[in-house]
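Please keep the sequence and the structure in view while reading.

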Amino acid sequence: MTSGHQMDFQRARNATQRKARESAILDAAAELLAEMSVSDISLRELSRRVGLSKTNVVRYFETREAIFFELLNRAFGEWLDELPAELPPASPAGPASPASVVDAWARSVGRRSLLCELWSSLGIELERNISAEAVRSFKLVHQERQLRLAELVRERIPALTASAAQELVALSIVLTAGLWPFANPSPSVVEACKDPALAHSRVDFTDRLSRALLVTVTGLLSVSRSHTG
């Protein structure tokens with residue numbers, strides 16, 4: 001950023017200005033994530049990109065991990081704002097098929113690499129070097145986003161109980177986090193997998209996630225029916 005931006009940061013005196021500064025830091029983090037993995041982004045690199053010293057950045061976010069926590073929740077919220085238009089409609093004439101819902105779901109999240117990258121880094125990297133209070137704040141917002149996603153799914157698959165829909169959402173995050181790195185391997189792995197003998201090891205993220213979600217929702221529906229039967 002230019003020195004003018006740096007001066008703007010220094011002059012922030014109210015909540016609106018502070019929010020704008022925080023948003024600029026998150027935007028810089030998102031830009032870096034388009035270029036490299038979470039593990040390669042240091043607080044120093046992030047500070048340089050946004051045009052601030054590390055000391056100034058930590059006035060807004062206590063650690064590098066806290067920045068990515070906030071960015072994850074922002075990306076999750078933005079996805080949820082757009083997702084209803086990408087899912088089969090919740091029609092009074094009849095529910096959508098589970099297969100059509102999870103396929104649209106998988107295709108939608110697969111187009112959001114930033115969200116998938118952050119989910120895949122959550123357990124192994126981001127939940128380190130951060131205070132309990134910051135984790136608590138992140139998880140409360142993240143939980144609210146998960147409940148919102150569960151409601152979107154239940155509107156289209158009403159046979160799911162509320163608890164089953166919430167379990168489906170929680171498992172979807174684990175599936176996304178697990179599949180994303182394998183579907184986006186290093187250049188050496190891509191080169192190795194050109195060998196026809198290794199064709200089976202290539203992971204198509206959308207197709208694999210769609211199938212995993214379908215297996216999961218089918219099982220949850222079966223359990224729900226057995227409990228009500």
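This is a predicted model: local features need pLDDT of at least 70, side-chain atom pairs count only at pLDDT 80 or more; totals for chains, interfaces and linings use all residues.

## Nonpolar core

The largest nonpolar core is made up of 67 residues, and Phe-68, Trp-79, Trp-105 and Leu-160 have the most contacts inside it. Two or more residues of this core come from each of helix H2 (15–33), helix H3 (43–50), helix H5 (64–86), helix H6 (98–110), helix H7 (113–126), helix H8 (132–156), helix H9 (162–183) and helix H11 (205–228). H5 gives the most, with 11 residues.

Apart from neighbours within four places in sequence, Phe-68 is in contact with Ala-29, Leu-33, Val-38, Ile-41, Leu-46, Leu-118 and Leu-126.

## Helix H3

Four residues of H3 are buried: Leu-43, Leu-46, Ser-47 and Val-50. Viewed down the helix axis, these buried residues of H3 lie within an arc of 100°, so they line one face of the helix.

Directly after H3 comes Gly-51, with a positive phi of about 85°.

## Largest pocket

The volume of the largest pocket is about 250 Å³. Its lining has 13 residues, of which Ala-66, Glu-70, Ala-134, Ser-137 and Phe-138 are the closest to the centre of the pocket.

H5 and H8 each supply at least two residues of this lining. By residue type, the lining of the largest pocket divides into 7 nonpolar, 2 polar and 4 charged residues.

## Second largest pocket

The second largest pocket has a volume of about 180 Å³. Its lining consists of Ala-30, Leu-33, Ala-34, Glu-35, Met-36, Ser-37, Ser-113, Leu-114, Glu-117 and Trp-180. H2 and H7 are the elements that give two or more residues to this lining, and H7 provides the largest share, 3 residues.

The lining of the second largest pocket comprises 6 nonpolar, 2 polar and 2 charged residues. Leu-33 belongs to this lining and is also in contact with Phe-68.

Technical notes:
Residues are numbered from 1 along each chain as its sequence is written. Side-chain values use heavy atoms; hydrogens and water are left out. A nonpolar core is a set of buried Ala, Val, Leu, Ile, Met, Phe, Trp, Tyr and Cys residues joined through side-chain atoms within 4.5 Å. Buried means under 20% relative accessible area, exposed over 50%, partly exposed in between (1.4 Å probe, protein chains only). Contact means heavy atoms within 4.5 Å. On a 1 Å grid over the protein atoms alone, a cavity is a set of points where a 1.4 Å probe fits but cannot get out, and a pocket is an open set with protein on both sides within 12 Å along at least five of seven lines; lining residues have an atom within 4 Å of a point. Grid points are joined across faces, edges and corners, and a volume is the space filled by probe spheres set on the points. Ala, Val, Leu, Ile, Met, Phe, Trp, Tyr, Cys and Pro count as nonpolar, Asp, Glu, Lys and Arg as charged, and the others, Gly among them, as polar. The arc is that of the directions from the helix axis to the C-beta atoms.
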